[in-house]
Amino acid sequence: MRSASDERTRPAPALSAAAGGVGGTSRLRPVIAIAVVVAVLALWPSVAPNAYMLSAGVVVLNYAVLATGWNIMGGFTGYISLGHVAFFGLGSYGTGLLVIHTGMNWLLATLVSALAVAVITVPIGFAALRVRGSSFVIVTIALVLVLQLIFQSWSVVTGGSGGLVVPRPFPDMLRPEHHETFFYIFLALLAVTLLVWTVIDRSRFGASLKGVREDEDKAESLGAPTGKLKLIAFVISAFFVAVAGGFYALWFADLDPLFQFRIILSSWIVLMALLGGVRYLFGPLLGAIVVGSALEYFVLEHGDTQFHLVATGLLLGLVVLFLPDGVLTGVAQLFRRFRPEATSIREVSAEDLRRQQEEQEAPQQPTTSKEASDDRG
Amino acid sequence: MITGTLLFQSLILGVLLGGLYALLAAGLTLYFGIMRVVMLAHAAFIILAAYIAWRFSTATGLDPMISLVFTIPLFFGIGFAIQRWLISRLKPATMTMMSVLITFAIALIIEGLLGQVFTGTQRRINLPYGASSVDFFGAAIPVVQIISFVLAGLSLIALYLVLKKTRFGRALRATIQHREAAQLVGIDTNRTAGLGFGLGLATAAVGGTALSLQATIFPSLHWHWIGPLMAIIVVGGLGSVPGAAIAALLLGIIRVMLELWWTPTWAQTIFYLALFLTLMVRPQGFFGGRLAQRF
């Protein structure tokens with residue numbers, strides 16, 4: 001499923017065909033795709049050989065929600081947050097504390113705590129987004145580090161390093177049933193997150209966010225209030241990550257600040273999204289399945305060693321250096337090689353564009369106007 | 001009971017800590033000036049240098065500071081290599097974000113390897129002068145803190161002299177100020193940028209060795225350092241070395257003073273508070289120039 005902006009940069013005939021079908025199938029296509037993917041994923045509990053594999057499925061779905069939620073900010077605006085684990089941790093502690101102290105319904109507690117996280121995110125995002133990229137990165141990492149400090153020290157409320165035990169929402173369920181229930185809960189959350197992503201992708205709001213990603217100055221000069229839009233995207237993104245954190249707290253039932261706010265989880269989220277491809281609806285999900293399964297396999301085979309840090313670092317470095325647009329982009333490019341007319345604006349460097357324009361302007365040259373007009377698309 | 005002597009002692013200790021912060025933040029500022037890169041692996045290299053100093057000292061029985069003889073050239077080379085072979089490969093359009101991920105990946109690899117090789121056990125160098133302190137107008141100042149402050153101060157002076165007085169320093173400053181103009185007057189900006197990165201990482205070698213004298217080290221310690229250092233360079237204004245030094249001294253003093261009332265963990269949050277307030281009130285930092293405006 002490609003991002004809508006890429007559809008728009010297709011050459012004229014394809015564009016008009018798509019425009020003709022906007023009212024009907026084209027808008028429904030991603031919804032159908034989400035339904036199909038979710039239906040396929042829902043088969044897992046019936047094919048999983050044992051309760052352990054089922055719980056691994058829950059973990060992977062949790063990663064998928066985190067990566068897809070992250071992608072609402074990272075994918076559209078290009079602002080890479082290394083601090084989303086902070087929202088995950090806040091959401092989980094908020095839910096846990098609400099359930100313990102007020103005895104609230106688990107779903108309500110999760111939503112209330114995620115809304116609270118969204119409110120907290122507003123001033124944080126405001127500070128982080130006042131200047132361009134670098135400060136954003138610094139603030140997001142600093143956020144994780146400071147929350148780690150606070151949640152460890154403030155042990156009266158959070159239980160500190162001793163941990164916080166959250167009562168299970170379904171006390172009379174057996175372990176496999178419990179995993180299965182949470183598998184479907186996470187799957188529903190994933191479906192909602194994917195839907196929100198695709199709605200933003202096709203909206204004017206999403207188009208402005210992509211403008212920020214491609215060229216923030218130009219987006220601003222075209223009248224997009226980039227500061228406000230980035231902040232809204234950041235808050236929505238944090239909200240979904242916080243909901244996932246809440247469900248995780250209810251499922252795992254034991255919270256430790258070092259685990260809930262570990263920065264390595266942030267890097268996994270980024271790795272998953274980048275590996276799959278941030279421009280694609282299912283990119284982060286694909287990355288989460290690949291990286292998440294690999295992580296679970298590693299823990300099963302080798303236990304919890306320091307090696308996973310090295311492996312994560314190496315993989316992240318390789319993806320950034322050689323595959324920054326993700327595997328789905330790589331696959332799409334491979335396919336496009338056999339369809340020469342379908343070219344995206346990003347594949348043409350400014351240098352190529354200038355050369356093509358010069359060729360077009362020279363009258364004796366054979367016309368390449370078709371390509372050039374595509375590129376301006 | 002907080003007495004005048006105690007306040008005075010905290011002030012001195014704060015200045016000593018601030019000096020170390022200033023040296024470490026200077027490296028971070030240098031990278032930012034050269035490539036607009038937030039080098040997250042800086043603190044990981046500091047811890048790596050501290051581990052090398054510890055290993056050297058326990059294996060040979062010599063003073064850990066002698067390890068600087070080989071760590072400085074080694075780190076200089078690594079810094080050069082990182083800039084030339086990793087950072088400069090990235091596309092300019094996504095440089096800011098992707099360079100953060102690359103350096104984050106390097107930090108993870110270093111932390112993981114340190115954990116693999118030396119395990120997660122906390123390490124500390126046993127020095128003959130480790131526990132002794134000097135009486136300074138009634139304040140007891142540990143000798144190790146004075147040594148690391150002197151090391152930091154000497155390296156900062158050396159860095160200043162290199163930047164201001166040498167031909168290479170002029171080329172480096174020209175590269176930082178305006179890359180194209182620097183190329184026009186015949187500076188090989190790529191090579192200069194690489195050497196600048198080497199210089200930045202060499203400060204990490206000195207800082208790490210200074211740290212190994214006075215602190216207990218463990219692989220994940222670098223996260224406790226990178227946060228304060230990033231806060232310092234933002235408060236000082238991204239890209240401004242004097243700004244970073246002033247911010248480092250101020251925040252170092254405030255942090256140590258706060259420990260009179262708060263636990264060290266809570267005192268540490270002052271860096272993040274300062275970072276947040278700076279971005280709210282004056283996002284370009286308090287001493288930053290033209291550079292800090294847009295980043």
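Chain B of this predicted model is built from 11 helices and two strands, and from the N terminus on its elements follow the order α-α-α-α-β-β-α-α-α-α-α-α-α. Its radius of gyration is 19 Å, close to the 19 Å that the globule rule gives for 295 residues, so chain B is as compact as a globular protein of that length.

**Extent and packing of chain B**
- The C-alpha trace of chain B spans about 60 × 45 × 35 Å along its principal axes, and buried residues account for 54% of the 295 residues in the chain.
- When contacts in chain B between residues at least 6 apart in sequence are considered, 79% of them join residues at least 24 apart.
- Helix 8 of chain B, residues 189-214, has 26 residues and reaches 38 Å from its first C-alpha to its last, which is close to the 38 Å expected at 1.5 Å a residue.
- Of the 26 residues in helix 8 of chain B, 24 are buried, so this helix is largely enclosed by the rest of the structure.

**The interface between the chains**
- Across the interface, 35 residues of chain A are in contact with 39 residues of chain B.
- On the side of chain A that touches chain B, at least two residues each are supplied by helix 8 (133-153), helix 15 (263-276) and helix 17 (307-322) of chain A, and helix 8 of chain A gives the most, with 13 residues.
- Sorted by class, that side of chain A has 22 nonpolar, 11 polar and two charged residues.

**Domains of chain A**
- The domain assignment of chain A gives domain 1 as 34-325 and domain 2 as 345-376, and the C-alpha centres of domain 1 and domain 2 of chain A lie 42 Å apart.

- A:Ala253 has a positive phi of about 70° although it is not a glycine, and its place is in the loop between helix 13 (226-252) and strand 2 (254-255) of chain A.
- Because A:Ala253 has 15 C-beta neighbours inside 10 Å, this residue counts as partly exposed.
- B:Arg36, which is likewise not a glycine, has a positive phi of about 60° and is found in the loop between helix 1 (4-35) and helix 2 (42-60) of chain B.
- B:Arg36 has 19 C-beta neighbours inside 10 Å and therefore counts as partly exposed, given that a residue is buried if 20 or more other C-beta atoms lie within 10 Å of its own.

Definitions and conventions: Residues are numbered from 1 along each chain as its sequence is written. Chains are lettered from A and ligands numbered from 1 in the order in which they are written. This is a predicted model: local features need pLDDT of at least 70, side-chain atom pairs count only at pLDDT 80 or more; totals for chains, interfaces and linings use all residues. Two residues are in contact if their C-beta atoms, placed from the backbone, lie within 7 Å. Helices (H or I, at least four residues) and strands (E, at least two) are DSSP runs, numbered from the N terminus. Ala, Val, Leu, Ile, Met, Phe, Trp, Tyr, Cys and Pro count as nonpolar, Asp, Glu, Lys and Arg as charged, and the others, Gly among them, as polar. A residue is buried if 20 or more other C-beta atoms lie within 10 Å of its own, exposed if 12 or fewer, and partly exposed in between; C-beta atoms are placed from the backbone. The expected span of a helix is 1.5 Å times one less than its number of residues. Domain bounds come from an automatic or database domain assignment. The radius of gyration is taken over C-alpha atoms; the globule rule is 2.2 Å times the number of residues to the power 0.38.
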